[in-house]
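Visitor: Hello! I am new to protein structures and would like to learn how to read one. Could you show me the model?

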Amino acid sequence: MDEYERRKVAVSRYQSGEKVTSIVRSLSKTRQWFYNWLKKYELRKDETSWFLDESRAPKHRPSKVEKAIEQKILDIRQKLDDQHFSQTGAIAIQYEFRKLKLHPPPIWTINRVIERNGLNKVIPKLKQSREYPELYIYTQQMDLVGPRYIRGDGRFYSLNMIDVNTHSAFSKPIRVKSSSEIVPAIAEYWSAYQMPDALQMDNELAFRGSNRYPRSFGSVVRFALSQGVAPVFIPIQEPWRNGIIEKFNDTYQKRFLNTTHLANFNELVYETKQFIEFHNANHRYSAQSQMTPNEASRAHGHGICYTGHTHELKKIPLETGVVYFIRFIRSDLQLHLPTEHFKVDESLKYSYIVAEVNIDRQILVIRQNNEIKHIFTYYTPVDW
């Protein structure tokens with residue numbers, strides 16, 4: 001006797017007056033099983049198929065994506081695939097919809113279309129050198145984009161910053177590549193967001209100081225040290241060491257500058273704020289479990305913000321702290337700092353080292369894997 005036959009026999013015996021206990025015991029079934037099928041029989045006794053299993057498929061299917069919207073998603077995805085180094089995920093596709101003045105579909109809709117059409121890709125992770133030193137856990141990266149131009153309104157630069165842990169980004173248009181504009185921009189980000197343990201940047205002159213005065217540090221370094229933030233300069237000609245901000249710069253260029261018509265500098269400032277707000281609220285990063293920067297920031301909690309004033313950013317004293325330079329030592333065994341170089345030991349050849357300019361002790365400490373290899377006297381001008 002198969003399962004279907006048991007169901008029909010159980011109901012038939014019950015209608016003949018047999019007790020439920022006797023029925024389920026002889027059929028090796030439970031009372032719940034019997035009452036379930038009795039209920040189905042009573043609800044559909046005029047049908048000949050009441051004892052058959054019902055389909056478990058969802059009774060209500062989610063609404064299908066309109067063909068026109070799906071095709072637009074696929075067209076945009078193909079366009080992004082054809083662009084070298086372009087982001088191709090759901091957020092990038094949403095940017096393109098906004099560029100076309102169209103209401104963007106939800107992220108999950110875009111992802112469903114991409115998956116259904118076999119376009120989802122797994123991007124291989126880049127191998128990182130174990131020798132490269134990671135100095136601080138809570139770091140922000142900073143870079144300058146430019147010069148760029150607004151037709152009829154001249155040149156501008158963008159100071160871009162991003163938090164490594166949460167990917168909360170910041171961008172500030174400035175007219176000139178000068179510390180007098182860079183420092184207030186950093187202060188604006190740190191006032192609205194929070195200060196890191198370290199500020200990592202490339203060897204841009206406006207960041208580090210002046211070539212005219214050896215061993216001197218400019219306002220950017222002085223401001224960071226005055227707030228207890230360690231300035232970290234990445235190796236020369238290795239921009240990938242600031243990979244997170246470099247990737248954001250690419251998004252900034254392709255999703256904002258290339259797609260936004262700007263009449264003047266004031267409009268650039270306004271539109272930049274809109275772009276940053278959209279990025280931090282909507283751009284999801286796989287590195288932080290698909291959370292947006294705003295969601296990741298709330299999960300990490302609030303840190304210490306800058307509470308100073310603009311007038312305090314001029315003539316900042318250089319009193320204490322350490323400035324870090326990460327460098328790769330080549331076959332010439334030379335440690336190259338911005339305005340001078342030092343001979344180092346043979347054991348450091350073809351490896352990364354950390355050069356620490358200690359303001360308090362006026363020395364230069366060379367470390368490899370946190371082990372001191374050299375100490376040089378290094379007099380640093382602390383006044384202006």
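Guide: Gladly. Let us begin with aromatic pairs: rings of Phe, Tyr and Trp pair if their centres lie within 6.5 Å. In this predicted model, such ring pairs link Y95, F248, Y252, F256, F275 and F278 into a cluster.

Visitor: How many aromatic pairs does the structure hold?

Guide: The structure holds 20 aromatic pairs. One of them joins F34 and Y35, with ring centres 5.4 Å apart.

Visitor: Is the pair of F34 and Y35 stacked or edge-to-face?

Guide: Planes over 60 degrees apart count as edge-to-face. The planes of F34 and Y35 stand at 70°, so this pair is edge-to-face.

Visitor: What about exposure: is F34 buried or exposed?

Guide: Buried means under 20% relative accessible area. F34 has 1%, so F34 is buried, whereas Y35, at 36%, counts as partly exposed.

Visitor: Which ring has the charged end of R241 over it?

Guide: That is the ring of Y132, and the charged end of R241 sits 3.9 Å from its centre. Likewise, R215 lies over the face of Y378, 4.2 Å from the ring centre.

Visitor: And how do I read a pocket?

Guide: Rolling a probe the size of a water molecule over the atoms shows where empty space is left. Here, the second largest pocket holds about 500 Å³ of space. Its lining has 23 residues, and the closest to the centre are A169, A192, Y193, I276 and N280.

Visitor: Which classes of residue make up the lining of the second largest pocket?

Guide: Nine are nonpolar, nine polar and five charged.

Notes:
Residues are numbered from 1 along each chain as its sequence is written. This is a predicted model: local features need pLDDT of at least 70, side-chain atom pairs count only at pLDDT 80 or more; totals for chains, interfaces and linings use all residues. Side-chain values use heavy atoms; hydrogens and water are left out. On a 1 Å grid over the protein atoms alone, a cavity is a set of points where a 1.4 Å probe fits but cannot get out, and a pocket is an open set with protein on both sides within 12 Å along at least five of seven lines; lining residues have an atom within 4 Å of a point. Grid points are joined across faces, edges and corners, and a volume is the space filled by probe spheres set on the points. Ala, Val, Leu, Ile, Met, Phe, Trp, Tyr, Cys and Pro count as nonpolar, Asp, Glu, Lys and Arg as charged, and the others, Gly among them, as polar. Rings of Phe, Tyr and Trp (its six-membered ring) pair if their centres lie within 6.5 Å; planes under 30 degrees apart count as stacked, over 60 as edge-to-face and the rest as tilted. Buried means under 20% relative accessible area, exposed over 50%, partly exposed in between (1.4 Å probe, protein chains only). A charge sits over a ring if NZ of Lys or CZ of Arg is within 6 Å of the ring centre and within 35 degrees of the ring normal.
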